[in-house]
Structure formats: structure tokens, C-alpha cells
Protein chains: 2
Amino acid sequence: MGSRIYIEELSKHVGETVTISGWVYTKRSSGKIRFLVVRDGTGMMQAVIVKANVSEEVFNRFDELTQESSLRVTGTIRKEDRAPGGYEMDVSGLETISVAKEYPITPKEHGVEFLMDRRHLWLRSARQHAILRVRHEIVRAIREFFDSRGFLLLDAPIFTPAACEGTSTLFETDYFDLGKAFLTQSGQLYGEAGAMAFGKVYVFGPTFRAEKSKTRRHLTEFWMVEPEVAFNTLDDDMDLAEEFLEHIVASVLKNRMPELKILERNTKFLENVKRPLPRISYDEAVEILHKKGIAFEWGNDLGGTDETVISERYDRPVMVHRYPSQVKAFYMKRDPKNDKLALAVDVLAPEGYGEIIGGSQREDDYETLLARLHEHNLPQSAFEWYLDLRRYGSVPHAGFGLGVERTVSWICGLDHVRETIPFARMIYRLTP
Amino acid sequence: MGSRIYIEELSKHVGETVTISGWVYTKRSSGKIRFLVVRDGTGMMQAVIVKANVSEEVFNRFDELTQESSLRVTGTIRKEDRAPGGYEMDVSGLETISVAKEYPITPKEHGVEFLMDRRHLWLRSARQHAILRVRHEIVRAIREFFDSRGFLLLDAPIFTPAACEGTSTLFETDYFDLGKAFLTQSGQLYGEAGAMAFGKVYVFGPTFRAEKSKTRRHLTEFWMVEPEVAFNTLDDDMDLAEEFLEHIVASVLKNRMPELKILERNTKFLENVKRPLPRISYDEAVEILHKKGIAFEWGNDLGGTDETVISERYDRPVMVHRYPSQVKAFYMKRDPKNDKLALAVDVLAPEGYGEIIGGSQREDDYETLLARLHEHNLPQSAFEWYLDLRRYGSVPHAGFGLGVERTVSWICGLDHVRETIPFARMIYRLTP
């Protein structure tokens, strides 16, 4: 038997006799030949059991094997282009480890809630494998991008003493004798402290929003990566964002094309994700809406439909910058040329996927930031540490946040974010 | 000026005139020569201002620069082995960005609480830079290890519906109409579902414990990496753990030696972290304690002092396996040779750092696992999904968890875990 072999390594073992440990995906019988499609988590392999080549005991063992039963199967590996995965095993031995009860997920169609209730089993299907492998590649590419550019990973705290933008959408927990702790919505403010210490950092972790939203784009718990760079302006921020998106998409196209095929993803829009990405101002975006006959009022935030109308005009993600400051957060710097505008940018994915990145240059002037805090009725005491970043060597700086699940959803071409994370948490779902 | 240059890249710019944007770390004056040590987050550089070479305005600007004031400094780069970082700049221009108020953290000694209250500023010091760069390298090495071995990253949920090992040490939050959600203590059970789907996975994220512990080893929020592998036994688990530790330590020694020097870390014990690591049974560990005259009763868990006594006998981490099942979790498989023992392993770091890894082979038999749930008074309904993993193609499997902060603490040789994470959360600390 030797060391353990995985199906993904079969190409290196053609002509050899190996043992694969895995589970029955499907099986079929054709007289004196029996076929098992075995999965081991790394791929699928067809195992061919010929009556003349095995003992009667082994041949009959096939009968007890139900879908998802676990087994060890031994045999010689042969290249076979027609087989799933491209290799077949001529079986010489077969050991049943555990016979599975009647498996609830069958090749027939199931409702989404049925599948989400069985998410721990649904993960075994080819489609979910493809999505979660793309997710892995996106996370890997994100870290590679920042690690190779000298950014320090700054793990921001999950427990925070105060709300960044009000407490209405925060989860809270009792925290010993210190009162309430709130689960972070964003590590950005901590990222800013990190940027002042390390020049360029990225925060990457789960974030939480207690929004009562039931849309196809909302999870209560989702992963976000947030780079923050000292001395960066809004233009630098947009340069970084487009280079970053290009890198992520190129990595998936390079390393996960088989998975995109399984997902039947039309990769045309993905192949277009190359610099430069179009950059339009909020004012120009409003003009686009008005030309389309949409009664959009200047000063409002762009809604989902508005974003779709705008992004439809481009063959790749589009950057919309300089939003009205009234719809943006207190920490965003105002445009020196127009105080009504914030130096903010949202990146809208094509094909109606909407915002995947939100960023801005931050307010770096102490007095201005203090005034903003008061305008937003935020308690100064909770932000003294944040104000310190403007007291002690303030510099221009900028950053953005990219939501991992929305990015996975867009790149995989999914209808809903619930499949982009192993165990989705939504307003009506906390299990399994 | 050209594109932005960071201090860590100075070796490529010797003889060139460049601009560095950063902060004043220290300064001193010596007649007609003035010295600024500038930090930019990537390193330190001495900038030399010679009166004869600059305008009077630039020369006098030196006077206003307080510690941590931000500035842009332009000049020619020269190799200078005696200077911090190895390069000096002969200054031709200097622009003040922001004059810092009197900086609270000075070269004098400060109390730990004083520094922790100013953690957002303390991060700027050389020692904290070194620690967090080692942390980054450890995280990078962890991901590299699993990514290069075909493990799928499985982000387990933070919100969980039920407690893995009782609710007494769990943080809880209201979850819409679904009652309470608990913050995860471990992603292991979800990792097991992942292993049955993908063969080999790793969970890597923050975990939470509401323990009222004030020791130097406890945080309420800490990062844990948890691999889980289908078909692995306890021996395989120990093989994986020792290969993993060897990789992490070797990566830090290879890539972060300057940081270990700053921390004055004696790397002798780190250089010993090579396979094979010693493996002793719990019984053998008890014998060691008894020979040392310690009145340790068989059946108890090893305490911190016990761990120190045991690990002192070895020059590298030691694996202690087969603990009494009564002190271990319900999901651990019993030793088929002795039902009183669990197929568990703890890895104890040398130099008194104690447990850094805890793992086990998992119970894979449905009936046995069900009986264990009842013995531990755990509600079966909350674990039906977990039992499903034994209903549908159960296989032997094993995994472990490594605490990132304890590993950073050990590798850096620190007294307390509070410096191993950017913003530590402890029973008495929730700020900044």
C-alpha cells in the first residue's frame, strides 16, 4: 500500500497499484462489470470491478455500498479520458469501512432550505466543492497580494467597546465587569492605527452586522479584508483597489478554471478585469441614471438597482468616487474642492453584482475629525484613541474594505451569498 | 521624486536622491550637523542634515520636529554600517506634515497598563514591530503549510447555536427571533464535517472563551488554526503536528531573524524544533512527576507546573498522548486497548511555555458517540448534524488545534500573551 494516495495525485501513479480511501459518490452495474465513482475530497475516480478479476466476496460487497458509504479500494490506475477525473482504477480489492444510511441528498432537485438544513452534508457535492475551492483561492490570492507587497497583517479585535457607526446594527454581549462588548463591523479604525505604525497593513477577519436584511447579498457574519496605507490619497486608493481586483480574478482564472467550468461560469467578464478600471464620479453616475430616465435625487446613496444600471454600461468593475458626504461615514475626508463630497470610492462589480469594495481617504485633521464626531453624535470619549492618531504625527491615509462572500458570489456567478461560505449565518439561519 | 520608496528598499537606491515619508523616531543635534532617525513602518533610517548643504529654513525646521511628528525628507542614500538599518540619507529637503503633541511613550520605562491603554501608539515601537512581524510570519507559514499540502480552508461559523463543551465559558448574543447565539470556542466540529467532504481541511479564525482567567496565557479572544483529516489516526495526527511545528519555527528562523534579535530571543530551543519530537504517554508523564517527588494523582489533567516539569526534560516540544478520558472532551475516541484513555495528544512547548497544541482522534462510531453525548449531558438535538457525520460514511479521523498567540509568545520568548496580538482582549481589558 505504501503512503496514502489522493485522487488528485493519480496522474503520478498510472500503472501502479494503489489504495484510495473515500466515499461512494454513485454506482452502477452492467452484468459482470460494476462501476463505483469514488470521491475522496480531492477528486472523483471511477473504480471498475470486473467479476473475473476479484473474489466473489469483493464482487458482492458492491451490493451493500450505498451512496456516501466509506471504503478503501485497491487496484491499478489507468488513464481513461472518458472517466470523471481522467483516470480509472481496475479494482483488485475493496474494503467497506462504514455503510451509510439512506443519504438524504440525492441527484434529484432539493429545495434550498432543505439543503441549507443539511449543509454539513451538502458540502460534499461537486458544486459546493467548486465554490469553496474558489473561495479558498480568493483568500489565498488576497493574502499573497498584500504579503508580497510588504503589508503587515493586523488582526483587529472582534470585541469592540463602541460602535463605529451607531449601535443599531451591532451584536452585543456581556463582557465581565466592563459592561457590553460589541462585535466588530469593520476593523478599519484599528487598521488606521496600524498604518501609522507599520506604513501599510491589512486587516482580515470576520465582521458582523445585525441588519434585518433578507436579500441575496446579506449575511450576519462575513469575512472582510481591509488594507490601510499611510500617505495614500483617494487616487492611490483606487490604484491599489484595481491592482488588487486584477490580481484576485487573475489568480482564480489561473488556478481554478475547472471549478469555474463546473459552475458553468461565463468567464468573459472575469477576463476583462484588467487595469485600468473605469473611474466615474458620483455626479457622472447620477447623470447616467437621469439619462436612463431614472428619477434619482442627487444626495441619496446609490441603491441596488441604480448600481446595476450604472455597472451595465461597463465590461469590467467600475469605480464610483466622490459621493455626497451626507451618505458616507464620519471618518471620510471631504473633497477640498467641494465640501459636500467625501473622498470615497465604491467599486461596483459587473453583471448586477453591485458593490464589492467600499473605501475612502480618511479625515486626517484633528479639529475637523472632532467636529465630525460631534455632528454624528458619537461619544468623543470612545474615540479619544482614534483622535490620538491625529494628535501624534497625522498623515494623509486611505484604505478600503472588500467583502469576501460578495466577491466569491460574483466570481462564481451565484444567485445568493449563502453558498459562498461553509456555514452561512443569516437573520433566519443559525444552524447547523 | 518618482514612485514612493520605503526604508526597507533603501539598499536598491544607494547613490540616488529619494523621498521618504514617515515619522520622527528620535533626533539629536551636534553643532552644525543634525540627525533625525525616521521610521516609516518598514524600517528606520538616519537622516543627516548638514547646515552647509541645506537652506536655513530647512535646517531650522529640525527644531519644530517632536517625537512622532510626520514628515517627508528628501536626500541621497549612502551605505553606513554604523547607522540603524545600515543606510543614511544626506538631506537636501525636509517638509513637515504634522507636528506631534508631546508623545506619551518616551524611551523611559512605562508600566504595562499605561502602555496597554495606549496600545494604538505602543504599536509604533521597535519591540512591538518585531513581535507583530513574527506573528505575521507564523500566520503566513501556517497557511503555506496547509495550502501546499492540499488542505481546503474551511472558515467555520463564529455564531453557533449550541455549546461544544457546556455554556459556562461562552459569550452569547441575542440572535433575532432565533434566541441566543454563542461565539465559537472551536471550529473543530465544523472542521470534521469539512474533512468528510474535502478529505483534509483547516479552520482558521478567532475563537472566544469567557473564562475568568487572569493568567499570562489567557485572552478572551484568540486565533486558532485547526486541521482535520479524514482517515487519520492518532499517530498520523502526531506526525502532522510535528511536521507543522517544524515548518512554522523554520519559517520564522529563516525570515524573521532580525526581529528575534531585537527581542533578544535565545534561538537555541527554536533551532531544536526538528522531527522527530519526543512522544510520551500520559502514564510516562505521571511517572516523571512522581520521580520528581510531585504528588500528582493519576486521572487528573496536567497543570501548568506539571507541564513545565515534564517539558524541562526535553530540548524541543514534547507530545504527551493518551490522557485519561475523564479529563478530555466527549468527541475524543477511546483507546481500544484501554477504555480509560482517550486518543488525545497535547504538545507542550519547551521553556515552560506549556500546551500549544491539543488534538485527538475523534470518535467515529455512531452509537458510542451518542452514548458520550448523554454521559456529558449534552442535548442530542443540537448535535444531530454532528451525528450525521457518523450516519453517512463515517471514517476514522483526527485533528488538532494550535493557538496562535501562545505560539507567538513561545517563539518570541515573551512573558505574557498580551503583546502577541495587536489589540489584546482580556477579562479586564476591552480598550482601545
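User: How many salt bridges does the rule find across the interface of chain B and chain A?

Analyst: The rule finds four salt bridges across that interface. The model is predicted: local features need pLDDT of at least 70, side-chain atom pairs count only at pLDDT 80 or more, and totals for chains, interfaces and linings use all residues. Side-chain values use heavy atoms, with hydrogens and water left out, residues are numbered from 1 along each chain as its sequence is written, and chains are lettered from A and ligands numbered from 1 in the order in which they are written.

User: Why is the meeting of D236(B) and R4(A) called a salt bridge?

Analyst: The term asks for a side-chain nitrogen of Lys or Arg within 4 Å of a carboxyl oxygen of Asp or Glu. The side chains of D236(B) and R4(A) meet at 3.4 Å, N to O, so the pair is a salt bridge.

User: How many residue pairs are in polar contact between chain B and chain A?

Analyst: The count is 50 residue pairs, both residues at pLDDT 80 or more. A polar contact is a pair of N or O atoms within 3.5 Å; within protein, one must be able to donate a hydrogen and the other to accept it, and residues adjacent in sequence count only if both atoms are side-chain atoms.

User: Which helix gives the most to the side of chain B that touches chain A?

Analyst: Helix α4 (residues 126-147) of chain B does, with 10 residues. Helices (H or I, at least four residues) and strands (E, at least two) are DSSP runs, numbered from the N terminus.

User: How many residues does each chain bring to the contact, and what area is buried?

Analyst: Chain B brings 102 residues and chain A brings 102 residues, where contact means heavy atoms within 4.5 Å. Chain B and chain A bury about 7900 Å² between them, 66% of it on carbon and sulfur atoms. Buried area is the accessible area (1.4 Å probe) that two parts lose on being put together, summed over both. F176(B), Y392(B) and L430(B) supply 10% of the area that chain B buries against chain A, more than any other three residues.

User: What makes L10(B) count as buried?

Analyst: Buried means under 20% relative accessible area, exposed over 50%, and partly exposed in between (1.4 Å probe, protein chains only). L10(B) has a relative accessible area of 1%, so it is buried. L10(B) lies in the segment before β1 (17-30) of chain B. Leaving aside neighbours within four places in sequence, its contacts include V18(B), M45(B) and Y87(B).

User: Is S186(A) buried or exposed, and where is it found?

Analyst: S186(A) has 17% relative accessibility and therefore counts as buried. S186(A) is found in the loop between β9 (180-183) and α5 (188-198) of chain A.

User: Why is the link between S186(A) and E226(A) called a polar contact?

Analyst: The side chains of S186(A) and E226(A) are joined at 2.7 Å, and the limit is 3.5 Å, so the distance meets the rule. The side chain of S186(A) also reaches the backbone nitrogen of Q188(A) at 3.0 Å.

User: Which domains does chain A have, and how many salt bridges are counted between them?

Analyst: The assignment gives domain 1 (3-98) and domain 2 (119-419); such bounds come from an automatic or database domain assignment. Their centres, taken over C-alpha atoms, are separated by 46 Å. The count between domain 1 and domain 2 of chain A is one salt bridge.
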